[in-house]
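Thanks, everyone, for making time this morning. Let me put the structure up, and then I'll walk you through the parts I'd like you to look at.

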Amino acid sequence: RGRASTTVAEMPLRSRSRSSALLLFTPCATYADPAAAFIFPSSLSPRDRIHAARTNQSSLTGVPPIYSSNKQGSGVNEKDVAFSVQDRPTLATRPKQVRRLPTKRRPRGYWDDPSNLTKELSSFWEGIGVSTSTTLPPIPNQQLLNYYGRNDLRWAIYRHGGREAVSEWLGGVPIIPGRWKNALAQSHEMWQLVLDPSNEAGRELNPNHPPKSPQQLKERKAQSPNGTNTRGDERKGNDDNAANTDDTRTRWQHKPGRKPMGYWTEERVMVELLKYLYDCKDEMNRPSVWMPRPSELSEAGRSDLMSAIARFGGHRKMCKQLGLVPHSEWHYFELQFRLVLELREYLKSTDCGGERDVDDTSEEYCLPQATTILNDGDDKYQSLYDLIQYFGGRKFVASKLGLKLCSTRAIRKSTGRWRNNYLQMSFGKFNLDFAVRLLGFIRDDHLSKRPPVKPATIHMPSREYLIAMGQTQIAEEIEVYGGYENVARRLGLDIF
């Protein structure tokens with residue numbers, strides 16, 4: 001920058017004029033002054049042109065470099081150049097990711113509208129060239145839905161509790177039988193699809209054997225030597241295929257340990273479920289009016305009952321018919337009851353778990369820091385720590401249950417008093433022992449009941465009911481701690 005004559009390549013980019021900077025990116029340009037000119041091929045990238053200009057190199061096409069001769073010594077010798085553009089190493093780059101094209105999905109809540117489900121059923125039969133004999137289109141079996149790739153419709157039917165539940169939901173829609181022979185004998189739509197020679201969509205369907213599932217087709221394709229075994233084996237007139245016949249017989253053969261065909265009815269599902277609930281009451285001391293979670297049934301070895309409940313309307317329908325409390329509601333109540341029990345046990349065993357405020361001489365409980373609870377007793381109180389975090393943390397639990405916070409330091413206010421400044425929220429007066437007695441009474445009351453229970457919720461007991469059950473003290477304490485509505489909101493109970 002201080003010399004009298006400076007080439008464009010020697011000038012910093014910020015000090016060059018726009019015309020000088022454009023020279024570096026010109027595809028191929030030769031200027032009048034050959035001493036200050038650079039020749040770049042059109043295939044050279046702008047980054048390589050800048051590098052070549054700074055090192056006083058010319059193109060990659062074999063043209064010798066031209067150095068500036070306005071001042072002696074301003075050029076760079078070829079032997080002083082460390083490497084050329086051609087010798088620059090190639091960086092290892094990841095292959096470009098091939099992204100999947102977006103699929104056409106239905107809008108949110110589409111399958112919750114029964115009119116949309118009816119419309120999709122009608123379009124399914126129209127798409128395969130079948131005219132329905134009734135005003136309401138029948139519900140196809142799973143074999144047809146798999147064969148024609150209607151996984152969306154199959155998922156929607158399963159989501160609403162199965163074909164029987166969907167038929168009732170849509171107002172008595174007919175159902176195509178699951179067995180292939182029964183479907184052909186009883187359904188006019190199946191006759192049009194399989195036995196009508198003018199129907200192109202069902203030409204490859206065999207009237208004697210059902211179409212194979214996608215899993216069976218995938219296994220057969222993997223086992224075939226050339227990998228070309230497709231649905232062609234299912235065409236009409238292929239009855240002499242012994243392998244196909246054996247696979248079909250094995251597929252429909254009754255498996256040991258399974259209930260016989262027609263075993264599950266809606267009444268039997270209710271009986272089996274109530275029997276399971278009574279067994280849980282005896283073994284786990286859990287009320288028989290609490291609906292179990294589906295995963296609990298599966299872990300207990302009752303996958304058959306779990307599938308039967310889903311087939312006949314799902315857990316919501318069973319809770320409504322049998323008068324059971326849903327799992328989401330009683331699970332929250334049970335965790336909160338465990339929280340107050342374990343918290344009271346911890347505070348009593350550890351002398352409130354920490355230091356109180358300087359001027360605090362009351363007998364109320366004081367909640368220590370969460371790390372103090374976690375470190376006490378060699379992971380003995382890990383469950384209590386998790387419950388406190390689940391219900392909002394230390395400050396929120398202390399405010400909700402009317403506890404004070406144990407402070408490790410005291411903050412002096414302008415009034416001259418020492419007080420704890422951590423707790424800045426309050427829900428009013430409350431007592432931990434009262435919460436234990438109230439929640440324990442509600443749980444024991446549910447434990448003594450049998451299905452059905454109405455209303456099927458965990459609600460706040462009324463004053464009349466408490467007095468009738470001999471709990472006059474709890475009824476009076478509820479008035480002291482803000483009334484029935486205030487206590488119910490604090491503990492997450494339904495209001496009667």
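Predicted model: local features only at pLDDT ≥ 70, side-chain atom pairs only at ≥ 80, totals over all residues.

So, one definition before anything else: when I say contact, I mean heavy atoms within 4.5 Å. Residues are numbered from 1 along each chain as its sequence is written, and side-chain values use heavy atoms, with hydrogens and water left out.

Okay, the overview. The protein has 22 helices and four strands; those are DSSP runs numbered from the N terminus, helices being H or I with at least four residues and strands E with at least two. Of its 496 residues, 39% count as buried. Buried is under 20% relative accessible area, exposed is over 50%, and partly exposed is in between, with a 1.4 Å probe and protein chains only.

Now find Arg286, in the loop between H11 and helix H12 (294–299). Is Arg286 buried or exposed? Its relative accessibility is 9%, so Arg286 counts as buried. Setting aside neighbours within four places in sequence, Arg286 is in contact with Cys280, Lys281, Pro292, Glu296, Trp330, Arg443 and Leu447. Asn285 is not a glycine, yet it has a positive phi of about 55°. With a relative accessible area of 44%, Asn285 is partly exposed.

Staying with H11, look at how it meets H14. The axes of helix H11 (residues 266–284) and helix H14 (residues 314–322) come within 12 Å and cross at roughly 80°. Axes here are lines fitted to C-alpha atoms, for helices over the stretch in contact, with angles from 0 to 180 degrees between N-to-C directions. H11 and H14 are therefore roughly perpendicular, a label for angles of 65 to 115 degrees; under 35 is roughly parallel, over 145 roughly antiparallel, and the rest oblique. From H11, Glu266, Val269, Met270, Leu273 and Leu274 meet Lys317, Met318, Gln321 and Leu322 of H14.

On to the cores. A nonpolar core is a set of buried Ala, Val, Leu, Ile, Met, Phe, Trp, Tyr and Cys residues joined through side-chain atoms within 4.5 Å. The largest has 47 residues, and Leu343, Leu403 and Val487 have the most contacts inside it. Which helix gives the most to this core? That's H15, with nine residues. As for Val487, leaving out neighbours within four places in sequence, Val487 is in contact with Phe430, Phe434, Leu438, Met460, Ile478 and Tyr481. There's another core apart from that one, with 26 residues, including Tyr147 and Val173.

Over at H3, the buried residues are Asn116, Leu117, Glu120, Leu121, Phe124 and Trp125. They pack against helix H4 (142–147), helix H5 (151–159), helix H6 (163–169) and helix H8 (188–195). Just after H3, Gly129 takes a positive phi of about 70°.

Last stop, two prolines. Pro452 is in the loop between H19 and helix H20 (463–468), and the peptide bond from Pro451 to Pro452 is cis, with omega near 0°. Pro455 lies in the loop between H19 and H20, and the Lys454 to Pro455 bond is cis, with omega near -5°. That's me done, over to you.
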